[in-house]
Amino acid sequence: MKKFLDRGRLTAATLVLATFALPGCMVYQIDQSSLDRDARAYQQLAPFQTESPVLTPWLTPASDDLPTVEVVQSQATQYNDMSGLNFVASILTLTLIPAVGSYDYTDTLTVAWEGETLANSSANYAVKEYMSLYFPTPMLFMGSLYGMGGLDLEDTQNTIGVIHARNIADAIARQQPLYERVPQNDPEALANFVQSRTAPLFHPRATAQIAALAPADNPMEYHQQYADLSGYVNLLPLEWQAWLIGPDGLKGWQIKAALDNGEDESEMLRKVVSSYPEELAEWNRTARQTEARYREWFSHTNPALVSNLLEAQSQQRAQWPYYANMTEEHHQILIENGVPDSIVAYMSNAERSSELVAAAKTGPLQDAQGRMLTEEQLLERLVRNDNNGRFMSPYTSDGVLAEWVNLANNANMGATAGSAVGAVAGAYAANKALDFVPFGLGGLVGGAVGAEVGKEVGRESAISASGGWEAIKASSDLSFDSLTDMARYLKRKYGSTANFTDAMRAATQIYPELSSVLASTN
């Protein structure tokens, strides 16, 4: 009997020691109280089509010819640390009482069409985190020991989908009476409804209804009236889209009408090219530089990342509204109907050279024989062959430094801020970094001369050291009407020459703003 009791005591002691010898652990558990498990979705007629696996089981398009909307889901996470009381209890018990935190998730579903958000739906849930350093007590909560990845979230995701479907169906039901008040055979009333942003979920249906009301015979005038409604043009057949895509004044039908009324083809070409948005040109320049960076940094180590980044850039590029969605099919329709192919070639979002855009703003893009000017000819259009422009060129028409540049540099101008400009210009002359690294020159120039020290205290001294303003003009036979033209011309023509550093050192003392323009100009 004694042996039996001793053996029992030993077994109990062993169990206690084994229990307390177990290492601590961390357990994750879905907080069932944080999610509306009683949510119920229901069937609803939708004023649009959707390919969303979340909505398609519940929303049936009212007709087969309705526009398709975009449905995007995203998730935000916030971590909530343990409460003060839990912290004290956990510390006093050496984490026998586990520390409890939570990850709060907000799942958002967005319905969008042509860049307009039509509706949002949100669903919230939480995951509890139980942690103990020394004891296995978190295992009592029966959660996942393998981190978040060990949780079975399928049921939770299904519930979230039901909540989203219910919320969108509810929004449709609320908005439907507002749409039904609009006369369905009155395109003007429907257009006012869309522009008022009332009941946005019905905007695709209302816009499609406007297009459906177009007269069968010669509908162009009708389409012109509503072409600026978001998404309208994309609902039309290709033969009508071709004439309606583009900025106001330069749509296909407007170009054709102007030419038929006697406007010169070369002048119309100039208008089309010069209207290319400056921000689009800048975006393309930056995108090109960023793509080069991606390839330099990641092409060998993570090609998939490069592919994803370039795809994201491509999607952003497509959002520009200049000649958005203009295709070769559209181009062919315009050419076959009398719009010159020289003009049609530039009716797109395709990147074009900065020289071409700048030159188009100053004169024709074709020579006397109707041939497009070469890149070199376009570049020369940026510079004046006189000294009557606002900004004097540091180079003469002979390709040598103007006398005022030599005077300024001999006087050691720019020994402070100018020396930084010289260093940047020298780096460019060595490896053309100005065009390759979008934030390379910008960072250096921004830090070195962004404060525009020369502009505040040195410009007059620089002019004086260069012989005075009259002497500067007298020794210059080239000039520019803008600093952008000056920067573009000098970088392209002289950027790789040995004396580019000297030219920039002197020029940025006379024109302090030139530093930042150099950094941002293609």
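These legends walk through several close-up views of one predicted protein model.

The model is predicted, so local features need pLDDT of at least 70 and side-chain atom pairs count only at pLDDT 80 or more, while totals for chains, interfaces and linings use all residues. Residues are numbered from 1 along each chain as its sequence is written, and side-chain values use heavy atoms, with hydrogens and water left out.

**Figure 1. The whole protein at a glance.**
Helices (H or I, at least four residues) and strands (E, at least two) are DSSP runs, numbered from the N terminus. Of the 522 residues, 44% count as buried. Buried means under 20% relative accessible area, exposed means over 50%, and partly exposed is in between (1.4 Å probe, protein chains only). The protein exposes about 26,700 Å², and carbon and sulfur atoms supply 54% of that area. Accessible areas come from the Shrake-Rupley method with a 1.4 Å probe; for residues, only the protein chains shown count as cover. Among contacts between residues at least 6 apart in sequence, 70% join residues at least 24 apart. A contact here means heavy atoms within 4.5 Å.

**Figure 2. Strand 6 and its two partners.**
Strand 6 (residues 116-132) runs antiparallel to strand 1 (residues 25-31), and 7 bridges join the two. Look for glutamine 29, which stands opposite lysine 128 in strand 6. Strand 5 (residues 99-113) also runs antiparallel to strand 6, with 15 bridges between them. Here tyrosine 105 stands opposite tyrosine 125. Two strands pair if DSSP finds at least two bridges between them. Strand 5 and strand 6 form a hairpin with 2 residues between the strands, and in this hairpin glutamate 114 takes a positive phi near 55 degrees.

**Figure 3. The largest nonpolar core.**
In soluble globular proteins, nonpolar side chains tend to be buried together. A nonpolar core is a set of buried Ala, Val, Leu, Ile, Met, Phe, Trp, Tyr and Cys residues joined through side-chain atoms within 4.5 Å. The largest such core has 69 residues, of which Val111, Leu201, Ile255, Val272, Tyr323 and Met347 touch the most other members. Helix 3 (residues 154-180) gives this core its largest share, 6 residues. Now follow valine 111: leaving aside its neighbours within four places in sequence, its contacts include Leu55, Val69, Ile168 and Leu201.

**Figure 4. Another core, seen around alanine 503.**
Apart from the largest core lies another core, of 33 residues, among them Leu401, Tyr494, Ala503 and Ala507. Alanine 503 is found in helix 23 (residues 500-510). Is alanine 503 buried or exposed? Alanine 503 is buried, with a relative accessible area of 0%. Beyond its neighbours within four places in sequence, alanine 503 is in contact with Pro394, Tyr395, Leu401 and Val405. Alanine 503 and valine 400 are 103 residues apart in sequence, and their C-alpha atoms are 9.7 Å apart in space.

Side chains of opposite charge can pair when their charged atoms come close. A salt bridge is a side-chain nitrogen of Lys or Arg within 4 Å of a carboxyl oxygen of Asp or Glu, and by this rule the count comes to 11. One of them joins the side chains of aspartate 155 and arginine 37 (3.0 Å, N to O). Aspartate 155 lies in helix 3 and arginine 37 in the loop between strand 1 and strand 2 (44-46), so the pair ties together parts that are 118 residues apart in sequence. Aspartate 155 is partly exposed at 49% relative accessibility, and arginine 37 is partly exposed at 25%.

Next, find the salt bridge of aspartate 260 and lysine 256 (2.9 Å, N to O). These two are 4 residues apart in helix 8 (residues 252-260), so about one helical turn separates them. Aspartate 260 is exposed, with a relative accessible area of 53%. Lysine 271 and glutamate 263 meet in a salt bridge too (2.9 Å, N to O). Lysine 271 is partly exposed at 33%, as is glutamate 263 at 25%. Salt bridges that share partners also join Arg384, Asp386 and Asp481 into one network.
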